[in-house]
2 protein chains.
Amino acid sequence: MAHRSAGQSVLARVLAVLEAFDQDHGSLTASDIARRSGLPIPTAHRIVTELVESGLLERGDDHRVHVGVRFWEIAATAPRALGLREAAMPFMEDLQGITGQHTQLYVLEGREALVIEKLSARDAVVNFGRVGGRQPLHATTGGLVLLAHADVALQESFLSVSLRSYAENTPTDPTLIRQILAGIRAHGYVLCDGYVSAEAVGVGVPVRSPQGEVIAALAVVVPREVAHPLSYVSALVMASAGITRTLDRPPPRSRPPGFFPVAEIG
Amino acid sequence: MAHRSAGQSVLARVLAVLEAFDQDHGSLTASDIARRSGLPIPTAHRIVTELVESGLLERGDDHRVHVGVRFWEIAATAPRALGLREAAMPFMEDLQGITGQHTQLYVLEGREALVIEKLSARDAVVNFGRVGGRQPLHATTGGLVLLAHADVALQESFLSVSLRSYAENTPTDPTLIRQILAGIRAHGYVLCDGYVSAEAVGVGVPVRSPQGEVIAALAVVVPREVAHPLSYVSALVMASAGITRTLDRPPPRSRPPGFFPVAEIG
């Protein structure tokens, strides 16, 4: 990759360093970061050193660096991630209690579905979602729900390129996908039978903001042998309504005065 | 606050903008950020604009900005936060199934305990922890476990200043706290009876890395009426051992080739 630092702002270079980390590259050397970001090694090294000093990155015993707890702590204020997750969690635990399989919460990020939260039983059916992971919009339960409610421009641009198949039943034909999306908007749920794996069925519904906008998708994934996966639709719809209600009226956060922050203790 | 930008590196100014966000300040105007960071308003404005363009910050309908999903996604690669949480979650769900109250996972961050994960029943006893929130080391179950295994230098420096009381039973006397810490190291657990609230008892144990280093604390919080809170110690010890084992041998992440990332689809 060509070096990108000439003419690039310092902030852009910092972003390039941070964006070198992803789910498959959580621990990197400064040289790895230089290669993945396209920055010269001395530049990558200098930025990494400063980010380690700030705590946003941490250095392990093996001298590789990874994203630090301080970075995660700032990220925990993100309303579309942990804020939404906090409102959703009690309802997700209720759903998980009913299905005992997988319960997932997704938001749209770019042209993919990002898994914000996931509850799984240890003996549950095969499922490839993980928290912080991205999933294709056309093949996954959450992805299809989000695509159904996305801008028409995004839908058309997404459907204009060749779509990958992950299992025998993955929908890849744009006409079929448009029918699925229309069904989601008309009926308020989707049932994905073997779209990602022949063994699993997903059932998903949209989650709306108090203003009525679709802001997330909520889904359960169960084994294909389950007699009536559609029986989960009503539980999903109730959970989704509960999340919207919680976002509208967050429970009071009573706490002893000064319990957070406790900076004065230090 | 005096303006800090003179002589400060661009990276330091970016960090100052990001650090303006915390659990009580999740949504800010550029002027709020300037005030909280000590940066001149035009500087704060310029950095915010660039961070919004990158997706690390997002702008809401009300023109306030908050931490973006893209930022959270990078944070999700942090091994000490979501990596640890992924290993711990199945064991935390087992514990939560037994107690039906609160189950919490903490790491040491600076001179405080940071809550990395929390499971709570909706009708559980009062508890002030929240994911991404910080708790004082001397008053909370997780904090005491982490302090007991911290560097002696940190322990002594922490105990050298006046400690705040949150409830009648909060330990604030350094000699008493040193005894509690020695007990944790000798017995492998702590029982905190009414340290934060008169109604709640916490029981906590350390979580070790596969190399034997204490990297986290795991705790349950139950109502004081529970007859034998100590009966949870064995379940906590088993869960902690399970987390260490999982960190040592993470389950294989089988997935269809190319399922993540799906960038080629876009």
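Predicted model: local features only at pLDDT ≥ 70, side-chain atom pairs only at ≥ 80, totals over all residues.
Entry: I looked up how the copies are related. I then checked the interface. Of the interface residues of chain A, 100% are also interface residues in chain B, so the copies meet through the same surface.

**Entry: the sheet of chain B.** I traced the strand order. Six strands make an open sheet, ordered 5-4-3-8-7-6, with antiparallel pairing. Strand 5 and strand 6 (190–193) stand at the edges; each has a single partner strand, so one side of each lacks a neighbour in the sheet. Neighbouring strands are turned by 30 degrees against each other on average, direction ignored.

Entry: I followed strand 5 to strand 4 (residues 112–120) of chain B. Three bridges join these antiparallel strands. B:Ala113 stands opposite B:Gln135 in strand 5.

**Entry: helices on the sheet.** I looked for what lies across the strands. Helix 5 (residues 79–99) of chain B lies across strand 3 (102–109), strand 4 and strand 8 (214–223), and runs at about 155 degrees to strand 3. Helix 9 (residues 233–248) of chain B also packs on the sheet, touching strand 7 (200–208) and strand 8. The direction of helix 9 makes about 30 degrees with that of strand 7.

**Entry: B:His138.** Is B:His138 buried or exposed? I found 0% relative accessibility, so B:His138 counts as buried. B:His138 sits in the loop between strand 5 (134–136) and helix 6 (141–148) of chain B. A polar atom of the B:His138 side chain lies 2.7 Å from the backbone oxygen of B:Arg164.

Technical notes. Residues numbered from 1 in each chain as written. Chains lettered and ligands numbered in written order. Heavy atoms only, no water. Helix = DSSP H or I, 4+ residues; strand = E, 2+ residues; numbered from the N terminus. Buried < 20%, exposed > 50% of the residue type's maximum accessible area, 1.4 Å probe, protein only. Polar contact = N/O pair within 3.5 Å; in protein donor to acceptor, adjacent residues only side chain to side chain. Contact = heavy atoms within 4.5 Å. Pairing = 2+ DSSP bridges. Axes fitted to C-alpha atoms, helices over the stretch in contact; angles between N-to-C directions.
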